[in-house]
Amino acid sequence: FTSKYVCLLHGVTSSGKTEIYVRLIDEVLKLGRQVLYMLPEIAITTQITERLAKLFGNKLLVYHSKFSDNERVEVCNKLLHGNEPMVVLGVRSSLFLPFKDLGLIIVDEEHENTYKQQDPAPRYHARSAAIVLAAMYGAKTLLGTATPSIESWQNAMDGKYGFVQMKERYKEIKLPEIIPGDIQ
């Protein structure tokens, strides 16, 4: 991680971005701090939950709107009253959880429009809110994607964000060949 508080991780599909996330999460948990790992939609949580559960066990909390009120309260209580550092896997609403000592926010697929809350109010962009929340805790924000948003790309190119680029797939797996076609 660079000295910047926000870093754009631009990596082609299957380049190992999730492996980078896992290593950073582990480092932050070892420092005794909390981690928020944000995904753009609930549908993606099952796959990544299984992987993170194997690695972090009972330190993993999952939070999204499909949970019952009781399940959501349980997550809040664990964050507020737990003595161990935790990693929360959630969607945009997880930004409003009662963190005590947030050390890292990962915004995976940062370019996704589902991070924008339109209706009902309040209207906000979870990527921007994550950057502000992280700053409040002296935490870092990692924006990960294979297709960066224009805003994040420009901020990285202007030096406002740190920038890491992964151009090759893990284990040198070849990218698919793109063949232009005639639409006529």
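For a protein of 184 residues, a compact globule would have a radius of gyration near 16 Å, and the value computed here, 17 Å, agrees with that expectation. The coordinates belong to a predicted model, and every figure in this account should be read with that in mind. Along its principal axes, the C-alpha trace of the protein spans about 60 × 35 × 35 Å.

The secondary structure consists of five helices and nine strands. Followed along the sequence, these elements come in the order β-α-β-α-β-α-β-β-β-β-α-β-α-β, a pattern that the reader can trace on the structure above. As for how the chain meets itself, among the contacts between residues at least 6 apart in sequence, 74% join residues that are at least 24 apart.

Turning from the fold to its surface, 41% of the 184 residues count as buried. The protein exposes about 10700 Å², and carbon and sulfur atoms supply 53% of that area. The charged side chains comprise 22 positive and 21 negative ones, and the centres of these two sets lie 4 Å apart.

A pair of aromatic rings is described by the distance of the centres and the angle of the planes. The protein has three aromatic pairs under a rule that asks for ring centres within 6.5 Å, and two of them are followed here in detail.

One of these pairs is formed by Y21 and Y37, whose rings stand edge-to-face, at 5.5 Å centre to centre and with 85° between the planes. Because Y21 belongs to helix 1 (residues 17-30) and Y37 to strand 2 (residues 34-38), the pair ties together parts that are 16 residues apart in sequence. Both Y21 and Y37 are buried.

Another pair joins W153 and F163, again in an edge-to-face arrangement, with 5.4 Å centre to centre and 90° between the planes. Here W153 lies in helix 5 (residues 150-157), whereas F163 lies in strand 9 (residues 162-166), so this contact ties together parts that are 10 residues apart in sequence.

Conventions. Residues numbered from 1 in each chain as written. Predicted model: local features only at pLDDT ≥ 70, side-chain atom pairs only at ≥ 80, totals over all residues. Heavy atoms only, no water. Helix = DSSP H or I, 4+ residues; strand = E, 2+ residues; numbered from the N terminus. Rg over C-alpha atoms; globule rule 2.2 N^0.38 Å. Buried < 20%, exposed > 50% of the residue type's maximum accessible area, 1.4 Å probe, protein only. Contact = heavy atoms within 4.5 Å. Areas by Shrake-Rupley, 256 points an atom, 1.4 Å probe, with all protein chains shown as cover. Lys, Arg positive; Asp, Glu negative; His and termini not counted. Charge placed at Lys NZ, Arg CZ, Asp CG, Glu CD. Phe/Tyr/Trp six-rings, centres within 6.5 Å; stacked < 30°, edge-to-face > 60°.
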